[in-house]
Amino acid sequence: MNKIRNWLSKYSVELMVGIFLLYSVYINRADNIYSYVKAWYVIDYSYGFGSRLLIGSLLHLLCGEVVTDAAAYCFVVASLCLLSAAVALFAGYIYRRVTNQEVKKAVLFLIVFYIASPASPEYLWTVENMGRLDTYLFLLTVLMAFVYFGIKNVRIKYLLFTILGVMAVFIHQVYFFLFFPFLCVMILQNLWKSGWDKRNVICAVCSVCCIGVVFLYMQFGSGIYDDYATLMARLNAHTDLSVDGAPMEAEYFWTLKDHFYKNMIPEIPHHLKYGFMLVCMLVPVWGTYLWVWVHAIRHSHKRQKLKYVLMLCTNIAYLPVFILMNDWGRWFAALFVVGFLDIMLLAGDEDEGVCHALEIMGGSRNPMPFILLILYIATFEKFEGLNFPEQVTDFYYTTYYLKNWLLHR
């Protein structure tokens, strides 16, 4: 019994996070793969060579020529369970790596804060995001963190970074804007730790260039063999899924200009209005992360300050998707996920500046602000794809009605 009790105590964070997320998958997941993304579970490399074809190719290997709705749905649910387990293991691993008790308290707060936030892994099993390829990008990103901590050999580490990064681009080229910034943070941290060792620099440059070249090819040089009508006829012949033709036309037959004028421009007023309100209402999330970075920079010497500034600059990668694409819910989710992973990685690596900031946070003797932050952020539903959380629109209309009532009393 003592061994079991000790084991439960040692892995309490993994168990807490894992059980919560797996239970959420069990009771809260959407009943079907979101209609807009069903095609990605059918299309494979027999249709051409480009991004978003890897998952469909894998399913064809598992299921044969015909991919059924049930098989694709089971694949998605299994992937979500695997992602939940990976996030839980990562959270627990970081918590156990930290030796300072005050930093441990801060790390535990950040874990609970993240799990309660709209960017929790639960956002990937909402109605609008069920089956999104972001699921696999998130999973590969967490696996990269395990590679960072688990592989000591420089060449093998960067080889695995490259393989996983290229796989992510093959799954969906948007990886380069959503989760690649976390890989850049890991590389920067590794370079600083090694004192810019020549071998590390060469491996890092080769890895980043390789992933970048693959992204550019997938974005601008790849394609499919069929015209639109033939493509849809072939897809519907290989599945009982109701394949939506809109994403096929947009992905493979629209130019970047088409995306901007047909997708983004009509939505600009809606996105700017509710996007601004969402940023304001989620100040506790980005404000908490920024607080850690600011205190880390203040505590650091000049060379370390540059490292943190460069790490923060990786978030510039999010600008293109916010400017050119509509799914702001997904972009916000990935931005907050990477913000969480960045701080957790640096805490687990015992980075001096970040650990100093977390020590200040964990050293607070008043738990009430932290409890209130968690309770506040838990009032939001999880991020969707295109739509903003209902709390944002409800806040807007409630405020609007109150303003009218006060002005017309």
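C209 is partly exposed, with a relative accessible area of 44%; here buried means under 20% relative accessible area, exposed means over 50%, and partly exposed lies in between, with a 1.4 Å probe and protein chains only. This is a predicted model, in which local features need pLDDT of at least 70 and side-chain atom pairs count only at pLDDT 80 or more, while totals for chains, interfaces and linings use all residues. Residues are numbered from 1 along each chain as its sequence is written, and side-chain values use heavy atoms, with hydrogens and water left out.

Let me stay with the cysteines. A disulfide is taken as a pair of cysteine sulfur atoms within 2.5 Å, and by this rule the count is 0. C203 takes part in no disulfide, since the nearest cysteine sulfur, in C206, is 6.7 Å away. C203 is buried, at 16% relative accessibility. As for C209, the closest cysteine sulfur is again that of C206, at 6.9 Å, which is too far for a bond.

I turn now to the salt bridges. The criterion is a side-chain nitrogen of Lys or Arg within 4 Å of a carboxyl oxygen of Asp or Glu, and the model has 8 of them. Secondary-structure names follow DSSP runs numbered from the N terminus: helices are H or I with at least four residues, and strands are E with at least two.

Which residue forms a salt bridge with E122? The partner is K382, and the closest N and O atoms are 3.5 Å apart. This pair links distant parts of the chain: E122 belongs to the loop between α5 and α6, K382 to the loop between α19 (368-377) and α20 (390-407), and the two are 260 residues apart. Both E122 and K382 are buried.

A further salt bridge joins D327 and R132, at 3.5 Å from N to O. D327 is in the loop between α16 (319-324) and α17 (328-348), and R132 is in the loop between α5 and α6, so this contact ties together parts that are 195 residues apart in sequence. D327 and R132 are both buried.

R330 and D134 also meet in a salt bridge, with an N to O distance of 2.8 Å. Here R330 comes from helix α17 and D134 from helix α6, so parts 196 residues apart in sequence are tied together. R330 is buried at 5% relative accessible area, and D134 is buried at 1%. Through shared partners, salt bridges join R132, D134, D327 and R330 into one network.

The loop between α5 and α6 also holds V127. Is V127 buried or exposed? V127 is exposed, with a relative accessible area of 59%. The C-alpha atoms of V127 and S35 are separated by 9.6 Å, although the residues are 92 apart along the chain.

Next, the aromatic residues. Rings of Phe, Tyr and Trp (for Trp, the six-membered ring) pair if their centres lie within 6.5 Å; planes under 30 degrees apart count as stacked, over 60 as edge-to-face, and the rest as tilted. The structure holds 29 such pairs. One of them is F49 with F170, an edge-to-face pair at 5.6 Å centre to centre and 80° between the planes. This pair connects distant parts of the chain, with F49 in strand β1 (residues 48-49) and F170 in helix α7 (residues 154-171), 121 residues apart. F49 is partly exposed at 34%, whereas F170 is buried at 17%.

The rings of F109 and F113 have centres 5.3 Å apart and planes at 25°, so this pair is stacked. Both residues lie in helix α5 (residues 101-116), 4 residues apart, about one turn of the helix. F109 and F113 are both buried.

One aromatic cluster is formed by F90, Y93, F146, Y148 and F149. K157 lies over the face of Y148, 4.9 Å from the ring centre; the rule is NZ of Lys or CZ of Arg within 6 Å of the ring centre and within 35 degrees of the ring normal. Likewise, the charged end of R234 sits over the ring of Y47, 4.1 Å from its centre.
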